Amino acid sequence: FQMTRKVDAWAKVNLSLRVTGKREDGYHLISSIFSKVGLGDTLSITATQDGAVRVECSEPGVPCDRTNLAARAAMALQPMARPGLGARIEITKRIPVAAGLGGGSSDAAAALQALNEMWEVGLEPDKLAELALGLGADVPFFLGSPMAHVQGIGEKITPLSPRRPIPMILANPGFGISAAEAYRGGRFDFRPASDMGQVIEDMERGDPARVVRHMENDLAPWAMEEYGSLGRLKAALERLDPAPLTVAMSGSGPTLMAIYPTPEAMAAATERAKEVAPWVFGVMTLV
């Protein structure tokens, strides 16, 4: 009995992120369009019979102990599995850490989904989503559709059906920002989210010229102010040739998204972007 499965854990971007309120327990409420993109970590998961959960990852800055989100996902599911079952999870990281791209959350969701089958736990999607929310606010999204309108603290997920991929360059300045830090530092007026009907229609349609009309991120002003190099990187990306339609920050940052009208324009600008940022990746949103 040693079954190994390789699974992709896709990154996400926030095409829009409004902070709409704050709960008594300190959690912020959001209204955000999440989209998976074609950049991911790979998890090689082996079901074992020794009851232990082990994580291996070569990337510095990623914990390989019980604090790793993929390990925590396995341990959350373990009590529902046959006694004695364990897992070895090897993570090949491609998503930068603390980048606003949901790498740890995606790893956790991938581990949950794979082990739910491999250990023959058989949890229904809604029960799996409950477990996922206990691991982190972004984790439930990664269990489902490639795009969603995410509300509350991340638990209210409305799946969307994107019809065409949106080309973008992701550029990371080479440092991380923790979500906790970004929400603590940000100043929010908690305006209610605008009419989401039009936003959702444009995001699903995937016409970049329409998508960019809605790309606001309430965490960005604080991040730009706090980290001068981020504002300079944004300006450098805006000056690329060919020029992007817009440059916006994903999630709690600091990764920036430069949106392009066509995959060809994005590809042409990607090499030039590598001259202005230490980490650059040309991607399409998943459909």
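In the predicted model, strand 1 (residues 3-22) and strand 2 (residues 28-48) pair in the antiparallel sense, the pairing extending over 18 bridges. Within this arrangement Arg18 has Ser31 of strand 2 as its bridge partner. The two strands form a hairpin in which 5 residues lie between strand 1 and strand 2, and Gly26, located in the turn, adopts a positive phi of about 95 degrees.

The largest nonpolar core comprises 68 residues, among which Leu43, Ile45, Leu77, Ile89, Trp119 and Ile169 touch the most other members. The element that gives the most to this core is helix 2 (residues 103-118), with 8 residues. In soluble globular proteins, nonpolar side chains tend to be buried together. When neighbours within four places in sequence are left aside, Leu43 is in contact with Arg5, Lys6, Val7, Ala9, Ile89, Glu90, Ile91, Asp107, Ala110 and Ala111.

As regards accessibility, Cys57 counts as buried because its relative accessibility is 14%, whereas Cys64, at 38% relative accessibility, counts as partly exposed.

Methods: Residues numbered from 1 in each chain as written. Predicted model: local features only at pLDDT ≥ 70, side-chain atom pairs only at ≥ 80, totals over all residues. Heavy atoms only, no water. Pairing = 2+ DSSP bridges. Helix = DSSP H or I, 4+ residues; strand = E, 2+ residues; numbered from the N terminus. Core = buried A, V, L, I, M, F, W, Y, C linked by side-chain atoms within 4.5 Å. Buried < 20%, exposed > 50% of the residue type's maximum accessible area, 1.4 Å probe, protein only. Contact = heavy atoms within 4.5 Å.
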